[in-house]
Amino acid sequence: MNLDDIKEQWKQDSKIDDLELDKSSLESAKLHSKYQDILTDHLLKLKQANMQKAMLMKDKWLWYQGKMDGNRIKSLGWEHDPFDGLKVMKQDQKIWLDADPDVQAMDAKIALLEVTVNFTKDCIDNVKWRHQTIKNAIEWRKFMAGQ
């Protein structure tokens, strides 16, 4: 399930039935469970992506340092010379590493997972306080009815 799917589901799940506040209140536990499952799945995916990035960074470091075995370079589908014939000073290699398309793709994947995790946490927080919103609606109705 991706971020757009979660957002679309949240649009539906966040609605509180104004006429059946009791049922809306009872749905809170199910919604909490649903979004907790989504959060757990994405936290695990985020952890896995961070581990994959660590391995990628090690391989890229070896490659940029010229310490990677030729067979390993070939198996990864990378060029033998990461600098395409340019002479690059060691302190400038970080610039190349930061601009590497594989590293940037991994960073983008991690950023999307972080946004998804944060959005799901916000959904859970909203569900946690849903009972208060329902209580306020009931209190307002009582007030308007003169009670």
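Does Y64 count as buried or exposed, and at what relative accessibility?

Analyst: Y64 counts as buried, because its relative accessibility is 7% (buried means under 20% relative accessible area, exposed over 50% and partly exposed in between, with a 1.4 Å probe and protein chains only). The model is predicted: local features need pLDDT of at least 70 and side-chain atom pairs pLDDT 80 or more, while totals for chains, interfaces and linings use all residues. Residues are numbered from 1 along each chain as its sequence is written, and side-chain values use heavy atoms, without hydrogens or water.

The ring of Y64 has a partner. Four aromatic pairs are present in the structure (rings of Phe, Tyr and Trp, the last by its six-membered ring, pair if their centres lie within 6.5 Å; planes under 30 degrees apart are stacked, over 60 edge-to-face and the rest tilted). In one of these, the ring centres of W63 and Y64 are 5.0 Å apart and the planes stand at 50°, so this pair is tilted. W63 is buried as well, since its relative accessible area is 8%.

W140 and F143 belong to helix α7, residues 130-144, where three residues, about one turn of the helix, separate them (a helix is a DSSP run of H or I with at least four residues, numbered from the N terminus). Whereas Y64 is buried, W140 and F143 are both exposed.

The wider setting can now be described. Helix α3 covers residues 28-65 and packs against helix α6, residues 101-128, at about 160°, with the axes 9 Å apart (axes are lines fitted to C-alpha atoms, for helices over the stretch in contact, and angles run from 0 to 180 degrees between N-to-C directions). This angle makes α3 roughly antiparallel to α6 (over 145 degrees is roughly antiparallel, under 35 roughly parallel, 65 to 115 roughly perpendicular and the rest oblique). The contact of α3 with α6 has 17 nonpolar, eight polar and nine charged residues (Ala, Val, Leu, Ile, Met, Phe, Trp, Tyr, Cys and Pro are nonpolar; Asp, Glu, Lys and Arg are charged; the others, Gly among them, are polar). α3 passes α6 in a left-handed crossing (the near helix is turned anticlockwise from the far one by less than a right angle; clockwise would be right-handed).

Helix α1, residues 3-13, comes within 10 Å of α6, axis to axis, and crosses α6 at roughly 15°. α1 and α6 are therefore roughly parallel, and their crossing is left-handed. The axes of α1 and α3 come within 12 Å and cross at roughly 165°, which means that α1 is roughly antiparallel to α3. The crossing of α1 past α3 is likewise left-handed.

K45 lies in helix α3 and is partly exposed, with 37% relative accessibility. Although 68 residues separate K45 from L113 in sequence, their C-alpha atoms are 7.4 Å apart in space. Helix α6 holds C123, which is buried at a relative accessible area of 2%. The C-alpha atom of C123 is 15 Å from that of N2, which is 121 residues away along the chain. K128 is also in helix α6, but K128 is partly exposed, with a relative accessible area of 45%. K128 and Q48, 80 residues apart in sequence, are separated by 28 Å from C-alpha to C-alpha.

Key: Helix = DSSP H or I, 4+ residues; strand = E, 2+ residues; numbered from the N terminus.
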